[in-house]
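Look over the sequence and the model below. The paragraphs that follow walk through the strands, the salt bridges and the nonpolar cores.

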Amino acid sequence: MARLAALLMVPVAALIASCGLFHTTSAPPAGMGQEALDGKFAFIVSNVDTSPTFGRTAAHGVYVIVSMAVRNVGTEAQLFEMAAQKLKDNTGRQYSASFVDPPLLGDGNNINPGLQVSVKEVFDVLPGARPTQIVLHDSASSHGVLVNLTHP
């Protein structure tokens, strides 16, 4: 009886595996102006600009300024973590944000459910680097969502 059960399990396992129940597919990256979801945040990147300065602060390289809207699509306040966002350039280098404007301090980092804030994430990158993608996260431990910063 045990042999029969073992023989039946092989075709059943093969059938389940071929149905795609255990396969994951990732959606293509969002583009600028498109909503991208990660966890409890919906992001829309609206603009990417560069500058040698931001306010009174001079870049060590060049500042890449990513303007975006961040909306809490969850049911509780959610912490927006500036350091969780990562910029990628055309050579594959990855950069952490240097600062965010407006500055989010203390409880200002929490975005209440249904509310949206507009922020500028500022990254100090090497001169000549071309920003190609940004990985946006609802928290430091989330998978993140990829947004293309270049036009097709």
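**Hairpins, sheet and core**

Leu37 has Ala42 as its bridge partner in β2. Strands here are DSSP runs of E with at least two residues, helices are runs of H or I with at least four, and both are numbered from the N terminus. Two strands count as paired if DSSP finds at least two bridges between them. β1 and β2 run antiparallel and are joined by four bridges. Two residues lie between the strands of this hairpin, and Gly39 takes a positive phi near 60 degrees.

The model is a predicted one: local features need pLDDT of at least 70, side-chain atom pairs count only at pLDDT 80 or more, and totals for chains, interfaces and linings use all residues. Residues are numbered from 1 along each chain as its sequence is written, and side-chain values use heavy atoms, with hydrogens and water left out.

The next hairpin joins β2 and β3. These strands pair in the antiparallel sense over twelve bridges. Phe54 stands opposite Thr57 in β3. The hairpin has two residues between its strands, and Gly55 takes a positive phi near 65 degrees.

Now step back to the whole chain. Of the contacts with a separation of 6 or more, 65% join residues 24 or more positions apart; contact means heavy atoms within 4.5 Å.

Which strands form the open sheet, and in what order? There are four, in the order β6-β5-β10-β11, with antiparallel pairing. The edge strands are β6 (94-96) and β11 (145-148), and each pairs on one side only. From one strand to the next, the twist averages 25 degrees; axes are lines fitted to C-alpha atoms, for helices over the stretch in contact, and angles run from 0 to 180 degrees between N-to-C directions. Within this sheet, β5 (residues 86-89) and β10 (residues 131-136) pair over four bridges. Lys86 has Val135 as its bridge partner in β10.

Salt bridges come next. The term means a side-chain nitrogen of Lys or Arg within 4 Å of a carboxyl oxygen of Asp or Glu. By this rule there are two. One joins the side chains of Arg71 and Glu35, at 2.4 Å from N to O. This pair links distant parts of the chain: Arg71 is in β3 (residues 57-72), Glu35 is in β1 (residues 35-38), and they are 36 residues apart. Arg71 is partly exposed at 26% relative accessible area, and Glu35 is partly exposed at 42%. Buried means under 20%, exposed over 50%, and partly exposed in between, with a 1.4 Å probe and protein chains only. Arg93 forms a salt bridge with Asp89, with the closest N and O atoms 2.9 Å apart. Here Arg93 is partly exposed at 37%, whereas Asp89 is buried at 4%.

Finally, the interior. Buried residues make up 35% of the 152 residues. A nonpolar core is a set of buried Ala, Val, Leu, Ile, Met, Phe, Trp, Tyr and Cys residues joined through side-chain atoms within 4.5 Å. The largest has 24 residues, of which Met68, Leu87 and Ile134 touch the most other members. β2 (41-54), β3, β9 (116-125), β10 and β11 each supply at least two residues. β3 gives the most, with four. Apart from this core lies another of five residues, among them Phe54, Ala59, Tyr63 and Val122.
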